[in-house]
Amino acid sequence: MGQVIDLLSWAALLGGGFFYVVGAIGLNRMPDIFTRMHAVSVSETLGVGLMIFGMLLQAGFTLVAVKLIIIVLVMWTTGAVATHALARAALHDGEKPLLADATGALVATDPVSLFPELGVRLATPLKSEIVEEEPVESGAPEDAETLAEAGYGAEEEDANPDAERPDSADKEGQ
Amino acid sequence: MMFAAAIIAVLIALTLAVARALAGPTAFDRLLAANKIGVSAIMLLALFGFMTGRPEFLDIGITYALLNMIGTLAVLKFFRYGALGHAQDLDRDPG
């Protein structure tokens with residue numbers, strides 16, 4: 001029984017090491033960032049998973065096995081999230097994936113030209129939206145003043161601060 | 001012995017990842033290689049602990065696994081905004 005487990009452990013560790021090295025070779029050989037990301041993802045899921053499985057067989061039912069399972073679960077989830085964030089950041093930054101054209105040659109292609117709806121999702125919202133929101137916030141008091149001048153809700157706005165100030169003063173006094 | 005074989009494989013992969021981190025044309029290539037180096041460090045910790053019969057190194061491995069993603073996301077955010085979360089800095093041009 002021990003020899004069978006050792007044999008399985010050998011196979012898992014060697015297989016995991018194989019996939020891990022293949023991922024690293026792909027990281028160096030692939031033509032652009034997105035294909036490199038693909039190569040690394042394979043090695044980080046299958047390679048790491050197999051190597052952890054090989055160690056798991058050697059650990060048996062112990063606390064060490066629980067730690068190994070925690071490591072592999074964390075790595076499987078965070079690896080996917082990090083790769084997704086990396087691909088999205090690369091697309092935002094203007095990296096163009098290499099795609100084969102009609103003749104089979106690799107051409108850097110803007111993905112938005114192929115999938116127009118992608119442009120909506122990739123449209124960088126952050127800077128433009130924040131710049132647009134700030135005038136709205138500063139403009140809100142002006143709207144309230146114009147409303148007050150027109151007589152809408154002027155009494156309520158004046159009444160509420162007066163009602164609150166004595167309460168807060170009483171609390172501070174106490 | 002089996003752990004030594006896996007350690008050699010991880011070391012080879014680590015060397016290749018360092019080569020890509022040094023050569024990578026864009027920051028994202030370097031970041032991807034850095035991510036791979038971090039995973040290699042975790043695997044080296046675990047495998048070396050098993051090889052020497054001291055699997056207590058796995059605790060450090062868990063910490064590295066958690067820090068790896070946070071580091072990647074932090075560097076990505078830094079490259080995009082030039083800051084790590086001050087709202088007044090978000091108005092600046094990204095990148």
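Trainee: How much area do chain A and chain B bury between them?

Mentor: The size of an interface is often given as the accessible area lost when the parts come together. Here buried area is the accessible area (1.4 Å probe) that two parts lose on being put together, summed over both. Of the total for chain A and chain B, 77% lies on carbon and sulfur atoms. The two chains bury about 4,100 Å².

Trainee: What should I keep in mind about the numbering and the kind of model?

Mentor: This is a predicted model, in which local features need pLDDT of at least 70 and side-chain atom pairs count only at pLDDT 80 or more, while totals for chains, interfaces and linings use all residues. Residues are numbered from 1 along each chain as its sequence is written, chains are lettered from A and ligands numbered from 1 in the order in which they are written, and side-chain values use heavy atoms, with hydrogens and water left out.

Trainee: How many residues of chain B are in contact with chain A?

Mentor: Contact means heavy atoms within 4.5 Å. By that rule, chain A brings 49 residues to the interface. On the side of chain B, the number is 47.

Trainee: Which residue of chain B meets Arg36(A) in a salt bridge?

Mentor: A salt bridge is a side-chain nitrogen of Lys or Arg within 4 Å of a carboxyl oxygen of Asp or Glu. The rule finds two of them across the interface of chain A and chain B. For Arg36(A), the N to O distance is 2.4 Å, and the partner is Asp29(B).

Trainee: Is Ser9(A) buried or exposed?

Mentor: Buried means under 20% relative accessible area and exposed over 50%, with partly exposed in between (1.4 Å probe, protein chains only). Ser9(A) sits in helix 1 of chain A, where helices (H or I, at least four residues) and strands (E, at least two) are DSSP runs, numbered from the N terminus. Because its relative accessibility is 0%, Ser9(A) counts as buried.

Trainee: Which residue's side chain is joined to that of Ser9(A) by a polar contact?

Mentor: Leaving aside residues up to four places away in sequence, Ser9(A) touches Gly54(A), Leu57(A), Gln58(A) and Met2(B). A polar contact is a pair of N or O atoms within 3.5 Å; within protein, one must be able to donate a hydrogen and the other to accept it, and residues adjacent in sequence count only if both atoms are side-chain atoms. At 3.3 Å, the side-chain partner of Ser9(A) is Gln58(A).
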